[in-house]
Amino acid sequence: MPKTTQFEKLRKSRRRKRFFRRTLGLLAAVILITACLAVIAIVYQLDLRSGLENTIASMKNGPGFPISLAEMNPQALLPMGSDVAVATNSGTFLYNSNGALMNSCLNDYRTPQVKAAGGKLLSYDLGGTGLRVDNKAKNLYQTTVTGALLAADLSQTGALAVAQTTPGATALVSAYNPRFELMYSWTVQDSYITGVSLSNRGDMMSCAGLTMEGQHIVSYLRVHHFDQDEEAAKVPLPDEVIASMVWTDAGEIQVVTDKSLCLFDSQGEQLAKVALPNQPLTFENIPGALYVAYGDYRDPGGVTILAYDGMLEKTGSATVTRRLLSLSADGDHLLALTEGELYLGDPALRELKPRGRGDLYLVALAGNHIYGLAPDGLIWDTL
């Protein structure tokens, strides 16, 4: 067998090195392409571009406060991070903490409804056909549905759920991903849909159903998982009407009815239930906490505010002797707005102290800020 010369050994060594370099380069290219595709998928699914637009809009310089809102007829203030949305009959106007107008979301809805989540604003016409989603900088989505809108919700990730009337059924509920692409559809045959709520990740949904059984009203908590074809749960609540549903970070559903507070897991199993002491005046239902107010400020006992944690355990209570206008909470603070005074409390409501501002009639907690509506316009203050 002929011996391999030194030259041939050197040539084979070079070929091996060349093959190794090419293989390594190909592997690096594959990794780079995979990483780029992953980044593109994340940006596409989570709509990070909208988050960047929000950040830029929040930094916009403005004239400061107060901001005159003459002839705008504000109906509500909604927190959007550290910024605020002012809902009016003709649209919603978004301002940052510098007092700059970031976006004007105009509409001609007869019964406008607005919800804010994840830096986006959902507006729709209850009983009408118009619906739109905006961020702090621009309109992201606008549509006219074929039926009458019954309810809608927006998740923290930007997923959208819409319930509307449809021929041949009581309702059609559709869910869309953050890019407004249809990902789930459910035709409802056996109950009217009065509310929808998306989980924080936008992968599950609860619906409030309402029907008559004999002479009795029965509400149904209906739970759907978007990766399953069948309804996950249909829980009856006889002689009760669901007023609010909120998903927690743990994937549980806090439900407020006209008679009770309830907690369910994502499979519809009841984890806790608390009867309301009296017909509530108002309530605040946020993930991990519930606040309920009842009573009459004209009575000696005044208006009582009760605080509950995420397991519906009572954590505290307070009393106000003025007419209660609203409750606002963000998990770190509670605002109780009364006629002639604003009160600030801790989340467990172990104390409730006056803020010394008696001219407000709308308020919102936004980060470490309080936005309020006073006779001279929109005001801003720190906690």
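This report walks through a predicted model, from its confidence to a helix, a sheet, the nonpolar cores and one tyrosine.

Numbering runs from 1 along each chain as its sequence is written. Because the model is predicted, local features need pLDDT of at least 70 and side-chain atom pairs count only at pLDDT 80 or more, while totals for chains, interfaces and linings use all residues; side-chain values use heavy atoms, with hydrogens and water left out.

**Confidence.** pLDDT is the predictor's confidence in each residue, from 0 to 100. The chain averages 91, and 89% of the residues score at least 70. Residues 36-46 are the ones to watch: pLDDT stays under 50 there, and the model has 7 contacts beyond four places in sequence for them. A contact here is heavy atoms within 4.5 Å. Where pLDDT is low, the predicted coordinates should not be read in detail.

**Helix H2.** Helices (H or I, at least four residues) and strands (E, at least two) are DSSP runs, numbered from the N terminus. Buried means under 20% relative accessible area, and exposed means over 50%, with a 1.4 Å probe and protein chains only. In H2 (residues 48-58), Ser50, Glu53, Asn54, Ala57 and Ser58 are buried. They cover an arc of only 135° around the axis, so they sit on the same side of H2; the arc is taken from the directions from the helix axis to the C-beta atoms. The face turned away carries exposed Arg49, Leu52 and Ile56.

| Strand | Residues |
|---|---|
| E2 | 83-88 |
| E4 | 101-106 |
| E6 | 120-125 |
| E8 | 139-144 |

**An open sheet.** Four strands line up as E17-E18-E19-E20, with antiparallel pairing. E17 (242-247) and E20 (270-275) stand at the edges with a single partner strand each, so one side of each has no neighbour in the sheet. Two strands pair if DSSP finds at least two bridges between them; E17 and E18 (residues 253-257) have 5. Tryptophan 247 has isoleucine 253 in E18 as its bridge partner.

**Cores.** A nonpolar core is a set of buried Ala, Val, Leu, Ile, Met, Phe, Trp, Tyr and Cys residues joined through side-chain atoms within 4.5 Å. In the largest, with 17 residues, Tyr291, Ile305, Leu327, Ala336, Leu349 and Leu352 touch the most other members. A second, separate core of 16 residues includes Val173, Trp186, Val188 and Cys207.

**Tyrosine 294.** Tyrosine 294 is in strand E22 (residues 289-295) and is buried, at 18% relative accessible area. Proline 280 is 14 residues away from tyrosine 294 in sequence but 4.6 Å away in space, C-alpha to C-alpha.
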